[in-house]
Amino acid sequence: MKRYRIGIIGLGAMGSGYARVLAANPRWELAAACDLRPERLQWAATLNPALRLTQDADDLLRDPTLDALGLFTLADIRPRLLSAALRHGKHVIAEKPIAATLPEEQALLAEIEASPCLVAVNLFNRNAWYHHEMQAFIRRGEIGHLAALIISHQAAGGLMPTEGHQPEGPPFHDCGMHYVDVARWYAESEYDRWDAQGVRLWAWKDPWWVTAHGAFRNGVAFNITQSFAYGQLAKDKVVRCGMDVIGALGVIRMSHDFSQVTIEYHGVNTTERKVGPYGGKKLDVLCEKFAASLDAGRSLDLPLARDSVVASAVSQAMLDQATRHAPVVGAPEELERILAHRRELRRARS
Ligand SMILES: NC(=O)c1ccc[n+]([C@@H]2O[C@H](COP(=O)([O-])OP(=O)(O)OC[C@H]3O[C@@H](n4cnc5c(N)ncnc54)[C@H](O)[C@@H]3O)[C@@H](O)[C@H]2O)c1
């Protein structure tokens with residue numbers, strides 16, 4: 001089997017995860033890595049001393065020996081890199097969103113769809129074993145016609161205001177686009193209408209807690225609540241993450257705590273409780289599928305740029321609507337306390 005040579009640009013939180021996975025996968029040769037920060041390059045050298053390291057992304061774009069590039073910077077510089085990668089005939093694994101603004105995303109999508117190169121975007125839920133199992137349960141008719149999806153992704157682990165991801169925007173876009181995508185994937189339909197509400201916690205300019213409900217064109221109803229304002233200063237942290245998939249006849253209840261996934265199947269023929277690993281961002285699955293897709297010369301169930309652009313556009317529209325009427329709750333001093341607490345937790349971990 002062919003071993004593909006890949007170079008990665010961006011060795012931050014996500015890029016380091018990909019670097020580890022690619023270095024450990026026999027289908028891939030992690031050949032080059034790029035970051036502006038010398039300390040990240042030093043870290044990458046510990047994975048493979050033969051790795052070509054550079055602070056200039058153009059070195060990787062011009063390297064004719066690379067089959068593929070991984071674009072794991074923030075979204076603001078991704079369009080230039082992605083466009084250049086396609087011009088140089090390179091396949092791409094990109095982080096989401098593919099750009100920082102909708103017009104740029106749409107222009108890039110047209111380039112991607114006109115290119116012979118393969119582009120996968122890391123909508124990680126689409127690589128999750130538990131979603132594939134739950135969808136198989138639905139296809140077997142166990143819950144009857146799909147009626148409603150209730151999704152919650154509320155935790156204290158995500159970024160707070162000022163901590164990063166400015167080009168990606170507030171959590172309902174940065175992270176919420178994943179759950180906007182999940183609902184659309186299950187519904188197998190396009191969004192039709194919605195109402196979104198948010199709360200501008202700590203008097204921050206953007207709502208850090210947002211809920212949206214509405215319906216798809218085929219009638220499936222949804223409710224998506226996303227927030228990183230879920231007990232930030234609680235002595236013992238908790239999460240509320242998972243989804244109810246409600247059918248005309250049965251129901252599936254899934255929840256996770258970022259370590260373990262629990263699925264309760266209540267179908268017409270089957271009642272079952274299943275527990276399994278959450279599996280983080282499933283980068284191993286994505287990299288494996290990407291290699292298999294390159295072998296096949298076509299996408300084998302890869303999460304695609306079109307799905308990412310739709311999810312980004314809809315989550316941004318929901319966020320904009322929520323922002324327009326969001327009441328202020330709390331005060332800036334509370335945010336300062338939270339940021340100080342989080343700095344302390346990071347110090348204790350390092
Ligand atoms: N799919 C997911 O579930 C998921 C989760 C978290 C983050 N993300 C996405 O991944 C992307 C990266 O997020 P992150 O948290 O790793 O960010 P990060 O800030 O930790 O890492 C970004 C890295 O890119 C580097 N960089 C910036 N400009 C560069 C340039 N011109 N050339 C080379 N390197 C450059 C930075 O030095 C930094 O190391 C974001 O777009 C984010 O939205 C996706």
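**A walk through the two domains**

Start by colouring the protein in two parts: domain 1 (4-117) and domain 2 (125-280 + 304-349), with bounds that come from an automatic or database domain assignment. You're looking at a predicted model, where local features need pLDDT of at least 70, side-chain atom pairs count only at pLDDT 80 or more, and totals for chains, interfaces and linings use all residues. Residues are numbered from 1 along each chain as its sequence is written.

Now look at where the domains meet. The contact (C-beta atoms, placed from the backbone, within 7 Å) takes 12 residues from domain 1 and 11 residues from domain 2. On the domain 1 side, those residues split into eight nonpolar, one polar and three charged. Here Ala, Val, Leu, Ile, Met, Phe, Trp, Tyr, Cys and Pro count as nonpolar, Asp, Glu, Lys and Arg as charged, and the others, Gly among them, as polar. The C-alpha centres of domain 1 and domain 2 are 27 Å apart.

Next, select the ligand. Both domains give residues to its shell, so the ligand lies between them. Of the 27 residues around the ligand (C-beta atom, placed from the backbone, within 6 Å), Gly-10, Gly-12, Ala-13, Met-14 and Glu-95 come nearest. By class, the shell has 12 nonpolar, seven polar and eight charged residues. Helix α1 (residues 13-24) gives the most, with three residues; helices (H or I, at least four residues) and strands (E, at least two) are DSSP runs, numbered from the N terminus.

Then show the strands. Nine of them form an open sheet of mixed pairing, in the order β14-β13-β12-β11-β7-β10-β9-β8-β15; strands pair if DSSP finds at least two bridges between them. At the edges are β14 (271-277) and β15 (328-329), each pairing on one side only. Zoom in on β8 (residues 191-201) and β9 (residues 209-216), which pair in the antiparallel sense over eight bridges. Trp-194 has Gly-214 in β9 as its bridge partner.

Last stop: His-325, in the loop between α10 (305-324) and β15. Is His-325 buried or exposed? His-325 is exposed, because 10 other C-beta atoms lie within 10 Å (20 or more means buried, 12 or fewer exposed, in between partly exposed, with C-beta atoms placed from the backbone).

Notes. Two residues are in contact if their C-beta atoms, placed from the backbone, lie within 7 Å.
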